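Entries follow in the order I looked them up.

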Amino acid sequence: MTTTFALHPHQLSGDTVTFRWDVSPASPLYRTTSFTLRFPPSVDLRRVPDALWPRIALICLHSHWVLLRPCRVELPFTLDSAEIEFWLRLMDASVQTLETYRGTEEFARGIELVCLGPALAPFTPLAESARCATAFSGGKDSLLQTGLLAELTARPLLVTTTSPMPPFVDHITARRRHVLESITARRDVTLVEVESDFRTCVDNNFALNAKGYRMGLNELTDAFLYFSSLLAVSVASGVSHLFLAAEAEVHENVSRAGRTIQHPHFMYSTVTQRAIATLLAPLGVRYGSLTAPLYSGQVQELLWTRYRDLRDLQYSCWNVPLGRATCSACGQCLHIALGALALGDRPAHMGIDLAPLLCQQHDWEPPPMPFDEPNALPKDLVRARISSQILEHLRATSLAHVAKVIALDSPSEFLRPRGWRALASFRRLRNTALRCPAVWRPGYRVGALAGLDPLLRDSIAAIYSQHFPAEPEAAYTPMLQRSDTLAAWIAQPLETRP
């Protein structure tokens with residue numbers, strides 16, 4: 001049965017933009033059929049072109065239509081045939097990746113876009129400006145981009161989106177509020193906070209429970225929400241250079257039966273960012289990432305070495321409970337804690353309690369390393385590379401340093417069994433690392449610099465080459481070529497329109 005998704009015209013009232021739709025038949029995907037973006041008084045929404053809000057609706061909602069296939073989408077405005085094909089191709093690329101991971105071959109286009117309203121006015125380009133803006137969350141990637149932009153440009157704009165998604169509380173903790181308040185005290189930046197209920201209008205488990213995609217819906221949509229806030233605030237502020245951090249792992253892809261299969265987090269891959277940048281080019285907006293040439297561990301290393309005064313603001317744990325800075329129990333906490341230890345530093349700077357973390361992760365084992373496996377998917381390759389980084393960090397960290405850190409963080413730990421269990425856990429983890437061969441050592445991807453905004457490309461290249469060796473080009477050039485080809489295919493209708 002075909003689902004009909006009927007989008008209503010957006011409503012702009014004061015500082016709030018509301019998007020509504022009807023779905024027939026009703027779908028368990030939705031808890032409510034609307035969402036809002038609420039902006040602070042400092043953002044003059046009158047400066048946002050009326051034609052941009054419908055594109056923001058499409059950016060935020062198009063991933064839902066992929067899940068509702070077969071789906072007829074009725075739009076209350078008219079797009080030209082080139083832009084319709086652009087959106088369909090962007091969704092085609094999503095389908096190819098999602099269905100490959102699900103193990104099916106349901107690749108046929110199952111979405112129809114029907115235009116039922118007036119044509120949207122063409123964009124008027126923004127005045128050229130050297131000012132830059134970045135989406136900001138407090139994670140290591142957005143902190144690094146903030147450090148880079150504050151070093152290389154004048155008064156960058158940071159846009160954060162607060163959109164709680166129960167039962168997770170990462171958007172409402174006191175720790176997050178501290179990060180947002182502190183960043184403006186440590187750098188000459190302008191911070192704008194946008195509030196939204198977008199992440200509560202859906203059942204986050206729908207993609208998993210109803211479709212079998214083995215991922216939360218927010219993994220498909222969060223980056224589009226954050227970019228939409230960034231886009232609206234930037235345009236209202238006359239800022240045309242936009243960045244959303246995405247490290248090298250996110251851009252990974254492979255070829256399967258002539259299709260380019262991306263990492264599951266393709267919502268902010270190079271392919272997706274370049275495609276959306278093409279859509280917005282007539283507005284005079286550039287969009288991309290500064291961290292695409294760096295792997296996750298390198299992002300943290302550069303943050304903790306070049307911008308040491310920001311390292312204590314790192315807020316990378318989405319499992320954090322209220323009243324805490326991190327959960328100090330999950331695999332993400334283990335990864336970033338070991339990164340700090342390998343640098344001779346203390347995970348406690350970012351709120352990680354090392355002793356209980358090591359006890360919780362005592363049985364961690366590296367997954368299979370499928371670097372030479374011809375059928376490995378990007379998710380498998382990325383998991384192996386992150387595990388390789390963890391192994392390197394373990395090999396680079398001594399038991400004595402861990403004991404010292406635990407004693408500095410909480411001397412009483414060694415007056416009870418947990419402190420000694422933590423040391424035993426680390427000894428076991430390190431012995432595992434020492435038994436594993438060093439199968440992969442990352443360098444930074446020089447070739448990925450070509451996709452960076454020309455305004456900052458040379459400066460970023462100089463910084464990255466100062467801190468990291470170059471990775472052999474043969475290791476990643478085919479992946480970059482596949483990204484270029486897929487992004488060009490998605491954008492081709494827009495670039496060849498009359």
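Before the first entry, a definition: the axes I use are lines fitted to C-alpha atoms, for helices over the stretch in contact, with angles from 0 to 180 degrees between N-to-C directions. The model is predicted.

**Helix pair.** I looked up H6 (residues 217-237) against H7 (residues 270-280). Their axes come within 13 Å and cross at roughly 35 degrees. I noted the crossing of H6 past H7 as right-handed. On the H6 side, I listed Phe224, Phe227 and Leu231 as making the contact. On the H7 side, I listed Thr272, Ile276 and Leu280.

**Peptide bonds.** I found one joining Ser24 and Pro25, with omega about -5 degrees. I placed Pro25 in the loop between strand E3 (16-24) and strand E4 (34-38). Another cis bond joins Pro166 and Pro167, with omega about 10 degrees. Pro167 sits in the loop between strand E8 (157-162) and helix H4 (174-186).

**Positive phi.** Which phi value does Arg214 have? I read it as near 55 degrees, positive in a residue other than glycine. Arg214 is in the loop between helix H5 (206-209) and H6. Is Arg214 buried or exposed? I have it as exposed, at 58% relative accessible area.

Ala257 is in the loop between strand E11 (253-256) and strand E12 (259-262). Its relative accessibility is 75%, so I count Ala257 as exposed.

Terms used:
Residues numbered from 1 in each chain as written. Predicted model: local features only at pLDDT ≥ 70, side-chain atom pairs only at ≥ 80, totals over all residues. Heavy atoms only, no water. Helix = DSSP H or I, 4+ residues; strand = E, 2+ residues; numbered from the N terminus. Left-handed = near helix turned anticlockwise from the far one by under 90°. Contact = heavy atoms within 4.5 Å. Buried < 20%, exposed > 50% of the residue type's maximum accessible area, 1.4 Å probe, protein only.
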